Amino acid sequence: MATANDDGVKVCIRARPLIRRESGCQAQWELDTQQIKLISNKEKVKSYMFDRVYGDDETTRDVYEEVAEPIVQSAMQGFHGTIFAYGQTSSGKTYTMLGNTNSPGIIPLAVQDIFNMIQKTPEREFLLRASYLEIYNENLKDLLSTEVTTLKIKEDEFKHVRVYGLHEEMVTSPDDVMKLMARGEKLRHMAATNMNDRSSRSHTIFKMIIESRERVDFNRTREVSDDTAVKVAQLNMVDLAGSERASQTGAEGQRL
Ligand SMILES: Nc1ncnc2c1ncn2[C@@H]1O[C@H](COP(=O)(O)OP(=O)(O)OP(=O)(O)O)[C@@H](O)[C@H]1O
């Protein structure tokens, strides 16, 4: 997983337990909190360093609290942030980002946290919007719209990459957001001829746009400060296609 924060980009590795079809396999690595040692013929041949290495006994919540929460907190302060999962098919990207009923992923944990933080910040009023985009076979699809149009992606005059025509919906509770995501997932699956295949060959970007300003009537005695300005940040939460399949998404050149 790679995340952007004040210090730049953080790269963390998450190891998952072996799954059923891997039973009988022996782990070919040793994990330390910041290091992976690849073992070959019982000799330690190569080691790689990362900002953090999560073992298979660590939970998504552990990953969230250490890696994602600071990014969510800074998005609440008006700084853009991106959290994305990268790895080959079946490495655990969707498990980590979306999760399941037993183990909520980083996206639902972030959403819950955003609303908790709003409750603890009565002096500011917030406006939240969400969008859900899929990139598959060279096409950008709006997962919150039933229209079949393909969206256009372009750089604007400030060199920001923009997806034109992407639907943004206002959300006012964690439940609202989860319903939106479920709607998007349904649309994604409806479009799939082979659901698993598509899910491992498409990228999805779930974006929360967090806008806030100081409440004018909250503390009239305070001097007007910079905090009265509107703060807007985008929080991108990305579940990439299996890394070995990137070529099959049809994305090339700039789009890739
Ligand atoms: N940390 C974990 N603990 C337990 N099970 C896990 C963990 N991570 C992944 N799994 C399981 O491993 C399998 C593959 O995970 P997942 O579907 O998230 O992979 P993926 O990287 O999203 O694959 P794809 O690129 O094909 O979409 C799933 O059955 C999932 O439940």
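These legends describe close-up views of one predicted model.

Residues are numbered from 1 along each chain as its sequence is written. In this predicted model, local features need pLDDT of at least 70 and side-chain atom pairs count only at pLDDT 80 or more, while totals for chains, interfaces and linings use all residues.

**View 1. The whole chain.**
The chain holds five helices and 14 strands. Helices (H or I, at least four residues) and strands (E, at least two) are DSSP runs, numbered from the N terminus. Of the 256 residues, 24% count as buried. A residue is buried if 20 or more other C-beta atoms lie within 10 Å of its own, exposed if 12 or fewer, and partly exposed in between; C-beta atoms are placed from the backbone. Among contacts with a separation of 6 or more, 66% link residues 24 or more positions apart. Contact means that the two C-beta atoms, placed from the backbone, lie within 7 Å.

**View 2. The largest nonpolar core.**
This core has 40 residues. A nonpolar core is a set of buried Ala, Val, Leu, Ile, Met, Phe, Trp, Tyr and Cys residues joined through C-beta atoms within 7 Å. Ala-68, Val-72, Ile-106, Ile-107, Ala-110 and Met-237 have the most contacts inside the core. Helices H1 (60-76), H3 (106-119) and H4 (174-190) each give two or more residues, as do E7, strand E8 (124-136), E13 and E14. H1 gives the most, with eight residues. Look at Ala-110: leaving aside neighbours within four places in sequence, Ala-110 is in contact with Ala-68, Val-72 and Met-237.

H3 has 14 residues. From first C-alpha to last, H3 reaches 20 Å, close to the 20 Å expected at 1.5 Å a residue. The expected span is 1.5 Å times one less than the number of residues. Ile-106, Ile-107, Ala-110, Val-111 and Ile-114 are buried in H3. They lie on the same side of H3 because they cover an arc of only 135 degrees around the axis. The arc is that of the directions from the helix axis to the C-beta atoms. An α-helix has 3.6 residues a turn, so residues three or four places apart point the same way. The face turned away from the buried side carries exposed Asn-116 and Gln-119.

**View 3. Strands around E14.**
E14 (residues 231-239) pairs with E7 (residues 81-85) in the parallel sense, over five bridges. Two strands pair if DSSP finds at least two bridges between them. Ala-85 stands opposite Asp-239 in E14. E13 (residues 203-214) and E14 run antiparallel, joined by nine bridges. There, Ile-210 stands opposite Ala-233 in E14.

**View 4. Strand E8 and its partners.**
E8 pairs with E13 in the antiparallel sense over twelve bridges. Ala-130 stands opposite Met-208 in E13. E12 (residues 169-171) also pairs antiparallel with E8, over three bridges. Met-170 in E12 is the bridge partner of Arg-129. E9 (residues 139-142) pairs antiparallel with E8 over four bridges. Asp-142 in E9 is the bridge partner of Leu-133. The hairpin of E8 and E9 has two residues between the strands, and Asn-137 takes a positive phi near 50 degrees there.

**View 5. The annotated binding site.**
An unreviewed UniProt entry places the feature "binding site" at Gly-87, Gln-88, Thr-89, Ser-90, Ser-91, Gly-92, Lys-93 and Thr-94. UniProt positions are given in the numbering used here, feature names are shortened, and annotations may be inferred rather than shown by experiment. Ser-90 is in the loop between E7 and H2. Ser-90 counts as partly exposed because it has 15 C-beta neighbours inside 10 Å. Ser-90 is not a glycine, yet has a positive phi of about 70 degrees. Ser-91 is partly exposed, with 18 other C-beta atoms within 10 Å. Gly-92 also counts as partly exposed, with 18 C-beta neighbours inside 10 Å. Not counting residues up to four places away in sequence, Gly-92 touches Arg-14, Arg-16 and Gly-87.

**View 6. Thr-96 in helix H2.**
Thr-96 lies in H2 (residues 93-97). Thr-96 counts as buried because it has 24 C-beta neighbours inside 10 Å. Ile-106 is ten residues away in sequence and 6.2 Å away in space, C-alpha to C-alpha.
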